[in-house]
Amino acid sequence: MFVEKLSSMFSKLLHAQPKYITAPVMPAAAQQLPPDRLPRHVAIIMDGNGRWAQKRGLPRSAGHAAGTEALRDIIRASDDWGIEALSLYAFSTENWARSKEEVNALMGLLLKYFASEIDELDRKNVRILILGDVDGLPGPQREAVCSAMERTKDNTGLKLNIALNYGGRAELTRAAARLAQKCASGELRPDDIDQAALENELYTAGLPDVDLLIRTSGEMRLSNFLPWQTTYAEMIFDSVLWPDYDRAEYLRNLRAYASRDRRFGGVKADSAGSEADEAGAAGQNTEEIS
Ligand code: IPE
Ligand code: IPE
Ligand code: MG
């Protein structure tokens, strides 16, 4: 009885027409995104600012300034379309290796960005979290990001994570050290360390895994971004340079994601079904196979 009910529920679900949400400012044909195929967590490596500027004979800092416009658009679009979490790679632990001039320009833009956006983000119920070593930032930047996190910490809308002075290896090393400290203080036993315990020590503790990772500018590498969290992420490498990236391109990427078949090491539900049918037809008792 119960099994029959369950199978009728599944077949209803399978044959139901997908409902669509619409993105208000897009042309009708591009609007549809099936809500059950929206990624919960999108991560973006915003790359290509330098090349964008170079192509125009401008200093690299002009590319970074233009990149903040794309940033605004993509944050707003994520909020409009009901994405749960958005993680943006803004400055890596390796980016300190750039010229003093460029690092200063980036740090200056960071301050400007928080000053100009925080009111709107807070009004939109966005929760801001910085991923990375905040203590390693210069004083004014540290204060700006800490105050943004504090001000928005109880907000329940888009979870906006900005990776600043972030490195994936540094994050994992820090998590290992924190677990070791807990063991040393007797709070935890080595046997208690499992994946959840490690995850709990990451900057992203409590967030869902990354479903979709987008990198702009055509580069095809992670560059030390969220190695743990992207283990099963779908990846899209988009050739558009970050300052030219906009919500139309973002929507194309989300639609491409919606058409992907994610298996997580298993097999597709329908092919699993046909294997079971074949086994059943061959007279095997499939119910005993767990
Ligand atoms: C990404 O653009 C922004 C940061 C790394 C801060 P880049 O500055 O890396 O641009 P390209 O890769 O040199 O074009
Ligand atoms: C990754 O881009 C870091 C950010 C986008 C903030 P990079 O431009 O620094 O990466 P590589 O050097 O090309 O790997
Ligand atoms: Mg780059």
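Which of the 13 residues around ligand 1 come nearest? In this predicted model, the answer is D47, G50, R51, R60 and R98.

Let's look at the contacts first. D47 places a polar side-chain atom 2.8 Å from an oxygen atom of ligand 1. For G50, a backbone N or O atom lies 2.9 Å from an oxygen atom of the ligand. R98 uses an N or O atom of its side chain, 2.7 Å from a ligand oxygen. The protein covers 87% of the 380 Å² of accessible area that ligand 1 has on its own.

The biggest share comes from α2, with 3 residues. Sorted by class, the shell has 3 nonpolar, 5 polar and 5 charged residues.

Now for the salt bridges, of which the structure holds 25. Here are three of them:

| Salt bridge | Closest N and O atoms |
|---|---|
| R60 with E102 | 2.8 Å |
| D211 with R262 | 3.0 Å |
| R221 with E219 | 3.4 Å |

R60 sits in helix α3 and E102 in helix α4, 42 residues apart. R60 counts as partly exposed because its relative accessibility is 38%, while E102, at 9%, counts as buried.

D211 and R262 lie in two loops, so their pair ties together parts that are 51 residues apart in sequence. D211 is buried, with a relative accessible area of 13%, and R262 is partly exposed at 22%.

R221 is partly exposed too, at 46%. R221 and E219 also belong to a network of salt bridges that links them with D47, R51 and R215.

Methods:
Residues numbered from 1 in each chain as written. Chains lettered and ligands numbered in written order. Predicted model: local features only at pLDDT ≥ 70, side-chain atom pairs only at ≥ 80, totals over all residues. Heavy atoms only, no water. Near = heavy atom within 4 Å. Polar contact = N/O pair within 3.5 Å; in protein donor to acceptor, adjacent residues only side chain to side chain. Areas by Shrake-Rupley, 256 points an atom, 1.4 Å probe, with all protein chains shown as cover. Helix = DSSP H or I, 4+ residues; strand = E, 2+ residues; numbered from the N terminus. Nonpolar A, V, L, I, M, F, W, Y, C, P; charged D, E, K, R; others polar. Salt bridge = Lys/Arg side-chain N within 4 Å of Asp/Glu carboxyl O. Buried < 20%, exposed > 50% of the residue type's maximum accessible area, 1.4 Å probe, protein only.
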